[in-house]
Amino acid sequence: MIYDMVIIGGGIKGLCTLYHSLRLGCRSVALVEQFQIGHQKGSSHGQSRITRSSYVSPVYVRLMHRVHSEEWPRLEADTGVRLLHPTPGCIWGPAGGQIQKYAKSVLQAGISVEQIDVRTARRRFPMFHFTNDDLVLDDTTCALVDARTTIKSLARICVEKGADLLENEAVVELDLKRDPIQVRTNRGVLMTNRLAITAGPWSSQLLPELSRWLSVTNQCVGYFELVGEPNLFQVGQFPVWIYLGLGKNNTFYGLPQFRHEGIKIARHVTTGQTADLGSGTRSSDLAILDLRQFLNRYFQHSIQRFCRAEYCLYTNTETEDYLIDFYPEKSNVVVGAGFSGHGFKLAPLTGRIIAELLICQKTTVPEFEAKSSREIFNWVR
């Protein structure tokens with residue numbers, strides 16, 4: 001059998017690519033995943049993610065507007081499941097730092113995100129400690145993404161539409177010179193006319209040339225119960241938030257309590273010790289201490305108890321822009337990689353982009369097709 005398309009990697013990106021390839025008319029599609037769908041060894045597991053419009057670049061702001069207006073509603077309609085849960089959104093940091101670029105980008109893109117003074121911020125977001133020098137954005141487009149349900153729902157509807165989900169099947173070799181393309185796994189050989197590589201942290205193992213662009217680090221997420229009425233920390237009351245500090249690796253973010261004990265908090269770490277894919281993610285007392293110290297400094301509510309930690313792999317480029325591009329001299333192979341920090345919120349749209357590139361050779365997304373955008377997201381520059 002020769003597939004219309006094979007997708008390598010069953011995280012959020014691969015599943016969204018699979019979903020759109022079926023929607024666009026591919027008759028025979030297979031997704032190959034080395035573990036089980038929803039496994040906890042990569043980047044797509046966990047209960048919740050943030051979606052927002054505020055971003056460092058107007059390009060991303062416009063992409064977020066499109067995914068919010070088109071793709072998340074489409075996915076919710078097709079799955080019959082509520083995936084986004086609106087909640088307040090607060091993004092802040094020292095004026096003159098990254099937050100300044102965020103404020104400029106939302107203004108330039110014409111998105112309804114309000115820059116508020118510190119006095120107003122203290123009234124609207126009394127859970128945070130703001131300094132007089134902070135710049136604060138109130139992003140009313142923010143929501144909490146039900147990540148686990150999204151993964152399960154995508155897998156379900158793709159199987160219902162006839163896709164082959166090949167779980168616990170690892171790709172060991174690619175022959176991109178063959179026509180059709182040959183994908184050798186630990187269980188046999190798959191032949192396909194089109195190939196999407198969305199393997200997350202393992203992308204560089206499949207295509208070693210990607211290692212010059214991609215780095216993989218461990219990400220530690222903590223769940224803390226804070227002192228106060230429990231309702232204060234629920235979705236719809238407690239905001240999703242981002243703190244943009246000065247310097248590298250000085251960004252923190254968090255979400256309300258959602259189907260687990262405690263609010264969620266993490267540090268956005270893009271550089272440092274390279275993760276060992278063979279040994280999986282590792283716990284770190286220092287990382288949890290770091291999160292504790294942030295809460296003690298920037299939150300008005302004190303910590304009642306530490307609930308648990310969660311770990312994942314983070315894949316980034318040096319610029320933190322993700323990569324979507326054709327493999328050199330191959331119009332039937334598309335690579336999507338380096339999505340950490342962007343992955344979940346943009347996946348329904350970037351999955352569409354990857355599928356459209358493979359099927360149509362170009363996309364129906366003007367924000368991606370613009371020359372300035374393609375210069376950002378292409379990996380062969």
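Guide: Leu31 has a relative accessible area of 0% and is therefore buried. The model is a predicted one. Within it, Leu31 belongs to strand β3, which spans residues 29–32. Leaving aside residues up to four places away in sequence, the contacts of Leu31 include Ile7, Gly9, Gly10, Gly14, Leu15 and Leu18. Ile37 is also touched by Leu31, as are Asp164, Leu165 and Leu166. One of these contacts, Ile7, stands 24 residues from Leu31 along the chain, yet the C-alpha atoms of the two are separated by 4.6 Å.

Another part of the model is an open sheet of 4 strands, arranged in the order β1-β13-β12-β11 with mixed pairing. Its edges are formed by β1 (2–3) and β11 (171–175); each has a single partner strand, so one side of each is left without a neighbour in the sheet. Strands β12 (residues 181–185) and β13 (residues 188–192) are joined by 5 bridges in the antiparallel sense. Within this pairing, Gln182 has Met191 of β13 as its bridge partner.

Helix packing can be followed in α2 (residues 58–79) and α5 (residues 147–160), whose axes lie 10 Å apart at an angle of about 60 degrees. The crossing of α2 past α5 is left-handed. On the α2 side the contact is made by Trp72, Leu75, Asp78 and Thr79, and on the α5 side by Thr150, Ser153, Leu154, Arg156 and Ile157. Sorted by class, this contact comprises 4 nonpolar, 3 polar and 2 charged residues.

Across the whole structure, a search finds 21 aromatic pairs. In the pair of Tyr243 and Tyr298, the ring centres are 4.6 Å apart and the planes stand at 40 degrees, so the pair is tilted. Because Tyr243 lies in strand β16 (residues 240–244) and Tyr298 in helix α7 (residues 285–298), the pair ties together parts that are 55 residues apart in sequence. Both Tyr243 and Tyr298 are buried.

Technical notes:
Residues are numbered from 1 along each chain as its sequence is written. This is a predicted model: local features need pLDDT of at least 70, side-chain atom pairs count only at pLDDT 80 or more; totals for chains, interfaces and linings use all residues. Side-chain values use heavy atoms; hydrogens and water are left out. Helices (H or I, at least four residues) and strands (E, at least two) are DSSP runs, numbered from the N terminus. Buried means under 20% relative accessible area, exposed over 50%, partly exposed in between (1.4 Å probe, protein chains only). Contact means heavy atoms within 4.5 Å. Two strands pair if DSSP finds at least two bridges between them. Axes are lines fitted to C-alpha atoms, for helices over the stretch in contact, and angles run from 0 to 180 degrees between N-to-C directions. A crossing is left-handed if the near helix is turned anticlockwise from the far one by less than a right angle, and right-handed if clockwise. Ala, Val, Leu, Ile, Met, Phe, Trp, Tyr, Cys and Pro count as nonpolar, Asp, Glu, Lys and Arg as charged, and the others, Gly among them, as polar. Rings of Phe, Tyr and Trp (its six-membered ring) pair if their centres lie within 6.5 Å; planes under 30 degrees apart count as stacked, over 60 as edge-to-face and the rest as tilted.
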